[in-house]
Amino acid sequence: MIRKLRAASAAWTLVVPVAAFVVLVLTWHEDLPGWVVGVVALFLIGAVLAAVHHAEVIAHWTGEPFGSLVLAVAVTVIEVALIVTLMADGGDKSATLARDTVFAAVMITCNGIMGLSIIVAALRYRTAVFNAEGTGTALACIATLATLSMVLPTFTTSTPGPQFSTTQLGYAATASLVVYGLFVTTQTLRHRDYFLPVTPEGRIRRDEDDDHVSPPTLRAAGVSLLLLAVALVSVVGLAKGVSPIIESAVDDAGLPHAVVGVVIAMLVLLPETIAALRSAVRNRVQTSLNLALGSALASIGLTIPAVAIASTWLSGPLVLGLAPSHMVLLTLTVVLGTLTVIPRRATLLQGALHLGVLAEFVVLAVNP
């Protein structure tokens, strides 16, 4: 019976990503009736769950922090491709698309995923423990790139409005790539131990400390890597497919159009959210924070260079500067994150504070 259940579990993780991709191909750029949207939503959820499964298989084969890095980068690369595509189709209406998407990703990851992970671990183990060196390094990189890419454009004077000049944009794009490259090198090579889970006593947790099954074979890991890519393409594509329904619902409710971007960002970041919560349940909070902060950093570090290159042939403006209220939220996020990281452990209170900041971000999106 147990073998049959395991076989059934393995079968759906193989079938669902392919089926979701087929649904994506059949519904792309089509006007969908309500019942079809419901079917698409079911396949979207299935693709998210399958992506989490295959990401965990890869993480088990590679070990941390490579596993969380693979998921964060894969989701971000597909997200960047979607942003550039929408910018190419949207004209002036898409001028703030890159800024809004990246900022929503930063708020969701640094407050939503981080806060939920801390709460889950604190409820189960009283405190959430992690490695301050690795988490602090990621937070410092996020603060630097967010300021250079999305705060400074509001105050520069070479170009009217919250925009960079060509030279300024080139520097921001280069700095984003360099900082992200240095972070990945630090995370995976020079100081890998900073990003490994720790025990309540502060000792680094190795894989052998847990009751793990045998690592997957190279072939199984390769299949999971391919299916992870298919699942993530399906997640982003299907999320884009249901976006007209979301837009109609937002318009009917009289809400600002920015709410659509927040909803889409939440859908796209579902795989990281579920994977982070599953790690928190196993008291591997550092892995959860690697996913959260790594996704935020990848979102800035890869999106800004991509849109900078795309801006050379796109005709519309590229607005990257944040509004004053969003700069306040970004500052609060960095300060709160720093105070959460310094003690190397967090309680239910810190997690609730992060969720409070995310809730304020959503409130301001609904009622600016």
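This is a predicted model: local features need pLDDT of at least 70, side-chain atom pairs count only at pLDDT 80 or more; totals for chains, interfaces and linings use all residues.

The points below go from the overall fold to a few side-chain pairs.

1. First, the ground rules. Residues are numbered from 1 along each chain as its sequence is written, and side-chain values use heavy atoms, with hydrogens and water left out.

2. On the fold: the protein has twelve helices and two strands, taken as DSSP runs numbered from the N terminus (helices are H or I, at least four residues; strands are E, at least two). Along the sequence the pattern reads α-α-α-α-β-α-α-α-α-α-α-α-β-α.

3. On burial and surface: 49% of the 368 residues count as buried (under 20% relative accessible area; exposed is over 50%, partly exposed in between, with a 1.4 Å probe and protein chains only). The protein exposes about 16,800 Å², and carbon and sulfur atoms supply 68% of that. The areas come from the Shrake-Rupley method with a 1.4 Å probe; for residues, only the protein chains shown count as cover.

4. How far along the chain do the contacts reach? Of the contacts between residues at least 6 apart in sequence, 83% join residues at least 24 apart, where contact means heavy atoms within 4.5 Å.

5. Leaving out neighbours within four places in sequence, L228 contacts A51, H54, A55, I58, V70 and L71. The C-alpha atoms of L228 and V52 are 8.1 Å apart, although 176 residues separate the two along the chain.

6. Now the core. The largest nonpolar core has 98 residues, and those with the most contacts inside it are L71, F103, V106, I300 and F361. Such a core is a set of buried Ala, Val, Leu, Ile, Met, Phe, Trp, Tyr and Cys residues joined through side-chain atoms within 4.5 Å. Setting aside residues up to four places away in sequence, F361 touches F103, A104, M107, V262, H326 and L329.

7. There are two aromatic pairs (Phe, Tyr and Trp rings, the six-membered one for Trp, with centres within 6.5 Å; planes under 30 degrees apart are stacked, over 60 edge-to-face, the rest tilted). F103 and F361 pair edge-to-face, at 5.6 Å centre to centre and 75° between the planes. F103 belongs to helix α4 (residues 97–125) and F361 to helix α12 (residues 348–366), so the pair ties together parts 258 residues apart in sequence. F103 is buried at 2% relative accessible area, and F361 is buried at 4%. The F183 and F195 rings have centres 5.6 Å apart and planes at 90°, so that pair is edge-to-face.

8. Which salt bridges turn up? The whole structure has two, counting a side-chain nitrogen of Lys or Arg within 4 Å of a carboxyl oxygen of Asp or Glu. R99 pairs with D100, with the closest N and O atoms 3.1 Å apart; R99 is buried at 15% relative accessibility, while D100 is partly exposed at 29%. E133 and R344 meet at 2.7 Å, N to O. E133 lies in helix α5 (residues 132–151) and R344 in the loop between α11 (324–341) and β2 (345–346), so this pair ties together parts 211 residues apart in sequence.
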